[in-house]
Amino acid sequence: MRASSSGTGRPGPVPGTAAASALLELAREGRLVAGLTGPGGTGKSSLLDQLAAAYRADGRKLYRDLEELPGNGGRAALLIDDAHLLPDERIAQLRAALRRDDLDVLVAYRLWPDRPALRRLAADLEHFHPPVVLGSLTPSEIARAAAAAWGMLPTEEAVEEIRRVTGGQPWLVHRALAAGPEIGRPGPVPPDLLDQLGYELEGIDADLHSLLVALAVGFDLSGPLPASLGDLDGRVDQLFSRARHDGLLLPGGELAPLVREALLETTPAHRLRGLQRALLESYAAEGRDLAPLAESLARAGVRDRRVAEALEHSADHLLATQPSVAATLYREALDAGAGVLPIAARRAQALWATGEVDEAWRLLEEVFAAVDPPDAVRAANVAAVLWTERGMRTRAAETYRWLGGRSLGPSAPLAAVAALAAGERAAETPPDPSGSPALHTVAAALLEQGLRASLAPSSAGALPALVRASDMMNASGLTLPMPELPASVAALAALHAGDLAIAESVLDTAIAANQGGAPARSRLLLLRAWTAMQGERPERARAAISEAQEGQRGIAPRDELLLRALEVGLARRADDLAALVRSWQRARETVLHLPVDLFSLLPVGELAVAAARLHDSARVEAHVAEAWTLLERLGSPPLWAVPLHWSAVRAAILTDRPSDVAPHAAALVRAAEHSRPAAVLATAGRAWMSVLAGRFEAPTVESAARALATVGLAWDGSRLAGHAAAHSEDRRDIARLLACARDLHHGADPGPVPAVAGPAPAPAAPSGEEPRRGGDAVLSPREREVARLVLEGKNYREIGEAIFISPRTVEHHIARMRSRLEASTRSELLAQLRLALEAEDERA
């Protein structure tokens with residue numbers, strides 16, 4: 001029978017009542033003889049006290065000492081504590097008492113010291129009942145004890161922390177709880193608690209204390225003990241057994257963390273330093289791995305090349321998987337005597353991965369200043385990613401050129417990607433002589449392969465290679481400095497190709513796999529937001545943006561442009577002019593800080609369209625020109641150029657400059673030979689021009705609008721259909737085009753309708769709803785007046801002046817009509833108003 005309980009001579013938490021209740025039930029059923037055993041401090045005495053109180057409550061005679069026990073006298077109970085301390089003759093008397101039928105006997109004892117008389121007593125007790133073995137407290141028992149000590153329920157984390165530092169030893173749990181709730185939080189142990197434990201431990205046998213200190217330093221019993229412990233070797237087994245049975249060691253023979261820390265904190269420094277040196281020499285002489293000890297030795301102030309090397313080795317193994325731990329180990333290696341420059345690049349990588357960018361730059365400056373810098377390729381990788389995060393990809397590419405004739409090895413594909421992203425035609429990377437089959441090197445090679453394929457006239461092989469690169473990087477589980485992650489490039493290529501499903505799948509998988517670790521998460525989330533925005537899911541886009549902004553790394557300068565373009569795009573698609581103006585004001589400041597690169601073309605295109613919508617195109621002219629120059633340097637690859645051509649078409653339409661459409665329409669037609677998105681956009685461009693000219697066929701426009709949705713441009717298709725509906729005179733065509741606009745823009749949230757003249761296309765009603773016909777609505781006389789003036793293109797102020805009401809009243813009239821007609825946007829409202837007025841005229 002085993003129970004988890006507490007406290008012997010050391011007071012502890014109240015032991016589990018289950019064991020006491022079970023024993024009392026047995027006592028009521030008949031005679032009870034049992035032994036209670038366990039290490040010191042596990043609650044044997046407390047359990048006996050509970051049983052004594054219960055016997056008294058039942059009216060039993062109770063004896064706690066053999067000398068008090070009469071020869072006979074009716075049913076009674078004998079409860080003996082610390083039987084292991086009794087002399088042999090007393091143990092013999094106790095064994096004799098076990099044979100008395102009128103007597104319940106409960107005996108608490110430890111199995112140390114190992115004496116024949118004690119073993120015989122234990123065997124006799126087991127003949128009557130299996131021993132009740134008391135041990136470590138369970139989490140639930142710790143929680144109950146903490147609630148009793150603190151007057152409040154502890155958290156699960158606090159209970160786990162207490163269990164970790166105490167090993168569940170009841171006497172240690174009692175000491176820890178007395179220190180207050182602070183002990184349940186990770187961090188330094190309260191000094192008062194360490195002082196108290198140290199004082200108690202100093203009171204034990206000197207040889208036992210010396211053994212415990214040696215164990216705390218790191219010695220174990222599998223090898224020789226330090227010479228400073230004298231002739232202790234011959235008594236080690238005896239002392240070890242005593243320590244276990246006294247509750248000073250955990251069941252597995254190790255020290256509880258709290259005991260270890262107390263011993264190290266309260267032992268004189270000179271004594272500790274001598275033991276640590278002896279331990280180090282012992283490990284070296286036996287050729288044992290220093291890694292398990294190196295960290296504690298370094299923290300204790302030991303400076304030794306062997307300790308530093310062990311820490312470096314451990315950090316190297318964790319650098320790409322647990323960079324924060326690696327950063328700590330490198331710092332401790334420096335404290336232990338490691339050279340600054342030899343590990344500077346690795347430290348910089350660890351610090352970049354943990355967000356300490358400024359310190360990483362400082363270390364890289366030291367590397368770059370060296371005549372023959374060690375680990376130069378790694379330093380270049382880290383510097384390249386730091387430049388990239390600042391949005392300066394040209395500098396990233398130049399960093400690799402700084403290496404000169406050094407072999408890049410597995411980093412050669414990364415150098416090529418950095419160059420291509422900056423718009424530089426880089427020579428194709430030759431096969432790596434090392435032929436490394438590591439997942440991350442395969443991912444880098446596939447990344448370069450896919451990116452190069454995306455620059456060809458026919459980019460058919462690009463997405464498969466890029467998706468495989470992302471898969472390999474996910475499988476690696478590594479956080480490595482790369483100028484762009486495979487998942488990002490794959491998603492961007494899919495977005496440029498109009499394949500939102502692939503973009504979404506790649507991003508969701510990469511985010512779930514934590515591709516690139518903490519440094520990459522915000523960028524992947526923003527790309528997920530972009531995919532959702534293009535897919536007509538604004539709420540999902542906003543949720544991803546919020547998650548990106550709340551991340552521990554925040555938004556990198558490079559991704560500020562992506563963020564601002566998302567804000568602009570969401571406002572523009574909601575037809576929310578006020579939000580669009582606010583987001584544009586933030587965006588136009590951001591663009592001044594960042595140059596254009598291959599992977600920022602989508603944000604540049606979005607901002608160009610928004611600038612045209614707000615008649616502020618001059619703000620982005622330089623950036624748009626820079627984008628075209630970059631594409632020309634790369635050979636104007638259709639995959640990357642087509643969306644920017646379409647943005648230019650949309651901007652030209654918004655600024656009413658049809659002549660500016662021609663060169664981009666021609667480029668789309670040329671690209672259509674190798675690109676389906678280009679073919680779709682070329683057709684859509686012709687449809688737009690026919691609508692603007694007032695000579696269009698509704699079926700043709702609808703077909704073009706729905707085709708736009710198949711290449712990830714459903715909102716653009718909705719605008720095309722809505723604009724055509726607003727310019728149609730045929731009621732059936734208007735209804736048809738409005739239904740198309742609603743189908744394509746099913747995610748729209750109604751926003752304010754700007755009462756200004758000029759073209760403004762249309763979104764939709766909830767999916768599956770039949771479009772409401774304006775002819776079914778009845779307008780009041782005042783609303784009809786307002787509606788006619790709206791259709792003439794007048795704004796709120798002009799309408800108010802014409803019919804002698806305030807602009808605010810005009811706004812209220814328009815809002816009511818919009819709600820009644822279920823119109824989401826201005827152009828849909830125009831079409832519905834036209835139908836409503838025609839119906840009114842017919843009824844008149």
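**Side-chain contacts in a predicted model**

Biologist: Trp402 first. Is it buried, partly exposed or exposed?
Modeller: Trp402 is partly exposed, with a relative accessible area of 33%. Buried means under 20% relative accessible area, exposed over 50%, and partly exposed in between (1.4 Å probe, protein chains only).

Biologist: What kind of model is this?
Modeller: It is a predicted model: local features need pLDDT of at least 70, side-chain atom pairs count only at pLDDT 80 or more, and totals for chains, interfaces and linings use all residues. Residues are numbered from 1 along each chain as its sequence is written, and side-chain values use heavy atoms, leaving out hydrogens and water.

Biologist: How many aromatic pairs are there?
Modeller: Three in the whole structure. Rings of Phe, Tyr and Trp (its six-membered ring) pair if their centres lie within 6.5 Å; planes under 30 degrees apart are stacked, over 60 edge-to-face, the rest tilted. One of the pairs is Trp361 with Trp387, edge-to-face, 5.1 Å centre to centre and 70 degrees between the planes.

Biologist: Which helices hold Trp361 and Trp387?
Modeller: Trp361 lies in helix H17 and Trp387 in helix H18 (residues 376–389), so the pair ties together parts that are 26 residues apart in sequence. Helices (H or I, at least four residues) and strands (E, at least two) are DSSP runs, numbered from the N terminus. Trp361 is buried at 12%, while Trp387 is partly exposed at 24%.

Biologist: And what does Trp402 pair with?
Modeller: Phe368. That pair is edge-to-face, 4.7 Å centre to centre, with 70 degrees between the planes. Phe368 is in helix H17 and Trp402 in helix H19 (residues 393–402), so parts 34 residues apart in sequence are tied together.

Biologist: New topic. How many salt bridges?
Modeller: The structure holds 56. Each is a side-chain nitrogen of Lys or Arg within 4 Å of a carboxyl oxygen of Asp or Glu. Glu484 and Arg558 form one, with the closest N and O atoms 3.7 Å apart.

Biologist: Where do Glu484 and Arg558 lie?
Modeller: Glu484 is in the loop between helix H22 (462–476) and helix H23 (486–496), and Arg558 is in helix H27 (residues 557–573), so the pair ties together parts that are 74 residues apart in sequence. Glu484 is buried at 2%. Arg558 is buried at 13%.

Biologist: Which residues share that network?
Modeller: Salt bridges with shared partners join Arg393, Glu484, Arg523, Arg558, Asp559 and Asp597 into one network.
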